[in-house]
Amino acid sequence: MSEVIVEFRNATKSFRNVPAFRNVNFTLARGEVHALLGENGAGKSTLTKVLAGLYPLTSGKLFVEGKARSFSSPIDALGHGVAMVFQETNLIPSMTVAQNLFLGEENFFNRLRGINIKAQQQLQRLSFHVEPTALVSSLGAAKKQMVEIARAVQRNARIFIFDEPTATLTPEEKQHFFALVERLKQDGNSIIFISHALEEALAIADRISVLRDGELVATDAAAMFTRDRIVQAMVGRQLKDELYGEQAKRTARPAGAKALALENVSMGKTVRSATLSVFAGQITGMFGLVGAGRTEMMKIAAGVLKRDFFHGGRVKLNGESVRFSVPRQAVNKGIAYITEDRKLDGIFDTMSISQNIFFGKLAKGANPISVVSMAQARREAAGWLEKLTIRTIRADARVVELSGGNQQKVVIAKSLIQAPNIIIFDEPTRGVDVGAIAEIHAMIRDLADAGAAVVVVSSYLPEILSISDRILVARQGRIVEEMSIEDATEESIMYAAVH
Amino acid sequence: MTIWSRFAKWFGRSEDDALSIPPLDGKLKPNSRLDAAERLLHLPQIDNLALDGARLICSSGDTLFSVDPAGWQTAPIRSFEGHITAVAVSPGGVLAVGVEGRGLEICAGGAWHSRNLGDANGCITAALFRSENELLVTVGSRHHPWTEWKRDLMSRGASGGVVSVNIASGEARVVRDALAFPYGIEIAANGELIVSESWRHRLLAMPPAGGLARVMLGELPAYPARISPASDGGFWLALFAPRRQLTELVLREDDYRREMMATIAQESWIGPDFRDHANGDQPLQSGSVRQMGIMKPWAPSRSYGLVVHLDAQLQPVSSYHSRADGHMHGIASILEWDGHLYIAARGAGALLRLPLEEMT
């Protein structure tokens, strides 16, 4: 192995005496892509956050380029060449892409045009199709991720940490990303790559390390791993075909009554005369590339976005035309929309788990006299913690302290407490580990079995294929194809999505 | 409701004003199974199908034919003085034929006689024997004859109804009126009348003696035509033309519609049709066919082929299509017989056959 650039030696990090990881010995070599894998809450993000200067170690040592370091802040870490692209993007929504790229590096006198041109060059060099003058708030999750990656590259860091960088990228964009990683590697940079897509880790990593319950259980050259071996190391059990191998063995649930219909719904240039139906007792999978308008269609159905006022089509709920002014009206009609961007729209991250979950109930107007019983909130939340196996230190822990997968479960619980009969999951397993994916999938299936109309919007084809009873493919703001689960293949779905 | 919605409503706008068409998805997901069906014979304007004992009969234009299953040859039974618009045969062998402008022609014991239904004579769209002596007929319009059906639609006609005719006396009793072009009738297991109301795109159930009707299946994505019973206790529904946003727009624009009806030949009107006339006046229709990845929603096809299998509660079970780029359009009648489904595609002038065992 070439020169070691980062080394954790007997490293331990604890929160309130609960270790996030303990006695970890981890090395990263110069010019190496090192994949860090592990279940939800295994300690991957915490380990890399120590390297990025967010947390200090509780015990043990961190060596960067041979010197013992304890970074006090991300700026400090960046000064030593460590840049982290976070799992949840940390861009400023009210600023443009270019302003975000150069945030903290502005000259004393700034010229917007100059910043835009530099940003354009940077984005083009990375083959990212993002408009530098666009407001970040107007970007989808995938494009935000691109800006985040471009910002790290912009800092000329030598050590890059990518936490779930590909979760929201389309297959095409992933190829660009992999090429970018290869370029960074050839330039002598070192990369820590956290992903739940095991195939990606196997494809681009030189070495793979697996964390389980805060302990490093395996480190080896990527060539020495198989998918099964990684999964076994991650969860301590064989999961072969449990997640995505079920398609051939099952038959679709029969469709019940039409619960939700969009008829020629239009919204600006994003949704263009979209027409679709969702049936009770079924899981309707919706696939499309970024910009296909899937999320927007579902947000219109849930009252989060408004369709065009004139000629905006119709939304029908159980056969009746509805027009929601605010999401609460949709919630009261039994529609739950579980967002793809949990950090922005899904959680109040500085509030407790029980408060977050109980907010869902309050949103439905369950408490008309506006008296909130915290005891009731804790009691109800405790039930959901158990039901969704949300792993936490305690129910009144802040949501920000949870791992991505557990945060996602809180978001789901917040919606399910409203007892909806139409549930729209938008990228439900984005940034969620293998074990939690199985749990979330099982929960989605249970909801459909119980007669709910379920929509799963996903960019991950194996997920769409494994969980859906029927599949809708969106392209350019409309539904272009409907497939039965018997007919659908990854190729046919992708063909419909791009042609 | 926002203040803008209220404001808009003051000016006559409502949720129903949205130019939207129900989706063809789920059980109504498009396929090309009608184009793949066996084509038994070519008969321009083939319309009604009925079973006279063990003999299949069909109508085309003003002529009633019998069809010989050996070789699928047709033999004329009788020609009339107007278009045949409805055909029904009683279990006892009484044959009733609706003839445009003439009313009913009844054949009992080999002798033909007429029954005059007054202003309903011009547009009898379907007929069904409830008993040997009682014939139920749907009258599409009392203002327009059958051949002017498109004018009735463009006039927002709702003068149709269901009439019970006593075969022996010729007495006619209105069971239900003020329907918007009823085009098919069947009797449910509980004795209720099932009627397809074409211009309102729905199936109604009404008490046997008439009265308040319930909407059993509404918001159909196409114009329903005749209904026939299925062996599984359900029904077969023919839908003769698709609903399109362009048509819905025209139906809303009164001045445009009036001028169109006054100045343009009927076959060139923008509206539903049994078939694509494929002439130079209608080049827009090809917009429904995706070419080089592009669909043109402003140029929809006016015809389509659609057969829907309904269960006993009139909910869709499966569907059979001929899409915009297909040819088996304008499905008018369906008949289940001898392990097969026989389909009259009026637009294509073809009698189609699908084996029931292959239909799911």
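Modeller: Start with one term. A residue is buried if its relative accessible area is under 20%, and exposed if that area is over 50%. Keep in mind that this is a predicted model.

Biologist: Let's apply that to a whole chain. What share of the residues of chain B count as buried?

Modeller: Chain B has 360 residues, and 56% of them count as buried.

Biologist: How many helices and strands does chain B have?

Modeller: Four helices and 24 strands.

Biologist: What about contacts along the sequence of chain B?

Modeller: Take contacts between residues at least 6 apart in sequence. In chain B, 52% of these join residues at least 24 apart.

Biologist: Now a single helix. What should the span of helix H13 of chain A be?

Modeller: Count 1.5 Å a residue. H13(A) has 14 residues, 374–387, so it should span 20 Å. Its end C-alpha atoms are 20 Å apart, which agrees.

Biologist: Which residues of H13(A) are buried?

Modeller: They are Ala377(A), Ala381(A), Trp384(A) and Leu385(A). Seen down the axis of H13(A), the buried residues fall within an arc of 105°, so they line one face of the helix.

Biologist: Why can residues separated in sequence point the same way?

Modeller: An α-helix has 3.6 residues a turn, so residues three or four places apart point the same way.

Biologist: Which residues are exposed on the other side of H13(A)?

Modeller: Arg379(A), Glu386(A) and Lys387(A) are exposed there.

Biologist: What covers the buried residues of H13(A)?

Modeller: The cover includes helix H12 (353–363) and helix H14 (404–416) of chain A. Just after H13(A) comes Thr389(A), with a positive phi of about 45°.

Biologist: Let's turn to H12(A). Which of its residues are buried?

Modeller: Ile353(A), Ser354(A), Asn356(A), Ile357(A), Phe358(A) and Gly360(A) are buried. The buried residues of H12(A) pack against H13 and H14 of chain A. After H12(A) comes Gly365(A), whose phi is also positive, near 75°.

Definitions and conventions:
Residues numbered from 1 in each chain as written. Chains lettered and ligands numbered in written order. Predicted model: local features only at pLDDT ≥ 70, side-chain atom pairs only at ≥ 80, totals over all residues. Heavy atoms only, no water. Helix = DSSP H or I, 4+ residues; strand = E, 2+ residues; numbered from the N terminus. Expected span 1.5 Å × (residues − 1). Buried < 20%, exposed > 50% of the residue type's maximum accessible area, 1.4 Å probe, protein only. Arc of directions from axis to C-beta. Contact = heavy atoms within 4.5 Å.
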